[in-house]
Every structure is written in C-alpha cells, then in structure tokens.
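Me: I would like to learn how to read the features of a protein model, one at a time. Could you give me the general idea first and then the case at hand?

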Amino acid sequence: MGVADKILMKQGTVAPDFKNLPGVDGKKHGLSDYGKSPVLVVVFSCNHCPYVQAYEDRMIALQNDFAEKGVQFIAINSNDADGYPDDSFENMVKRAKERKFNFPYLRDDDQSVAKAYGATHTPHLFVFDAGRKLVYTGKIDDNWQEPAQAQQHFLRDALSALVSGKKPAQPETFAIGCTIKWKH
C-alpha cells in the first residue's frame, strides 16, 4: 500500500468513528451524536489558516442554507496547538464566538481523527450520506480569495444533489489550504 492509498479516503468508505472530542460549546462530541442528520459535512479546520478564514463565511452560509434539509456541518481542529498557539482550544472558543459559528467546532488534540480520515489540509471536507459513506471530498469552491468570482461551487453542488436524492456529479476535488500542522 502506497502513501497515497493511506491518505486518500475512497468514495463509499464509512466515516471513521470518533468520540469525546471537546467542543467549543463545553460538551464532548462523537460521530454518533449526528446520526439523525442525513448528510454530514466534516471539515478539518483551524483558526490561523488564511484559506480557512476566507471560507468561514461560506461554511456558515452553507450550514444556514442546508440546515432545514438535514445537512449538518462539523469543524474539527487537529493542528498542533503547541507549535501554533492561535489554534489552541481557548482560541477556538474565541474564534467560534467572534465569527458566530452555527456548527460544532471540535478539538482533535491527539490528531487521531485527522489521521483516520486522511485529512491533509485546512480546510479539507468530507461529506457523508445517511449511511455515513463518503460521497464527496475536497474543497468548497474554485476561488478561495474572492467568493463572488467562484465559477464552480463544488460543495454546494454536492449538497444540492444529496438532498435531492442524487449522487454528486463531481465526488472528488483536491483540497487546498494550509497543511495540517502535525505534532513532532
């Protein structure tokens, strides 16, 4: 098995389980907490990455637009907080409050969840259907710097297809952003 095989989660793979991740809401979260959501979007995120910062408003808007159709976003920060203090849990709480996140923001301090999912970047998206099988992975759209200039809305298109009972036309794109900051 090559490195690429270990990193890239294949379409149809069941979401790796996770439990007891601390959320900025003061509660512990696990994958099973979102069992009623027919579509689950797991976003590996952080505080300091300019790509994530540029996409936060779009993530909030997509959660708003699709919440009534059963779509649930979860953001998970797996970055090394010792090397990148902006990504500490305390700063996550501040960021979520300042930006008014409308989705759970969780801390993966031991980085086990990022490794299980094969996440490589922030933001890196994994979209799962009701059976928690991977149906889309990659990026939000094709213009991280200027939302109004985006020509392809990969995540929005995938979510629209899923809530209409269809499979995404483009199930995979390359995640762009900052690399996950791994502990040494």
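Reply: A crossover counts as right-handed if, with the strands pointing away from the viewer, the path from the first strand over the helix to the second runs clockwise. Helices (H or I, at least four residues) and strands (E, at least two) are DSSP runs, numbered from the N terminus. The model is a predicted one, in which local features need pLDDT of at least 70 and side-chain atom pairs count only at pLDDT 80 or more, while totals for chains, interfaces and linings use all residues. Residues are numbered from 1 along each chain as its sequence is written, and side-chain values use heavy atoms, with hydrogens and water left out. Here, E3, helix H2 (residues 50-66) and E4 form a right-handed β-α-β unit.

Me: Which strands does H2 lie across, and at what angle does it run to E4?

Reply: Axes are lines fitted to C-alpha atoms, for helices over the stretch in contact (heavy atoms within 4.5 Å), and angles run from 0 to 180 degrees between N-to-C directions. H2 lies across E3 and E4, and runs at about 155° to E4.

Me: What is the order of the strands in the sheet?

Reply: Two strands pair if DSSP finds at least two bridges between them. The open sheet has 5 strands in the order E5-E4-E3-E7-E8, with mixed pairing. Its edge strands are strand E5 (105-107) and E8, each of which pairs on one side only. Averaged with direction ignored, neighbouring strands of this sheet are turned by 20° against each other. E3 and E4 run parallel and are joined by 7 bridges, with Val 43 opposite Ala 75 in E4. E3 and strand E7 (residues 124-128) run antiparallel and are joined by 5 bridges, with Val 42 opposite Phe 126 in E7.

Me: Why is strand E3 described as largely enclosed?

Reply: Buried means under 20% relative accessible area, exposed over 50%, and partly exposed in between (1.4 Å probe, protein chains only). Because 7 of the 7 residues of strand E3 (residues 39-45) are buried, this strand is largely enclosed by the rest of the structure. In a regular strand the side chains alternate between the two faces of the sheet. On one side of E3, Val 39, Val 41, Val 43 and Ser 45 are buried, and on the other Leu 40, Val 42 and Phe 44 are buried, so that both faces are covered.

Me: Which residues have the most contacts inside the largest nonpolar core?

Reply: A nonpolar core is a set of buried Ala, Val, Leu, Ile, Met, Phe, Trp, Tyr and Cys residues joined through side-chain atoms within 4.5 Å. The largest has 26 residues, and those with the most contacts inside it are Phe 73, Val 127, Leu 155 and Leu 159. Apart from it lies another core, of 20 residues, among them Leu 21, Tyr 34, Phe 44 and Ile 76.

Me: Is Asn 77 buried or exposed?

Reply: Asn 77, in strand E4 (residues 71-77), is buried, with a relative accessible area of 0%. A polar contact is a pair of N or O atoms within 3.5 Å; within protein, one must be able to donate a hydrogen and the other to accept it, and residues adjacent in sequence count only if both atoms are side-chain atoms. The side chains of Asn 77 and Arg 107 make such a contact at 3.2 Å.
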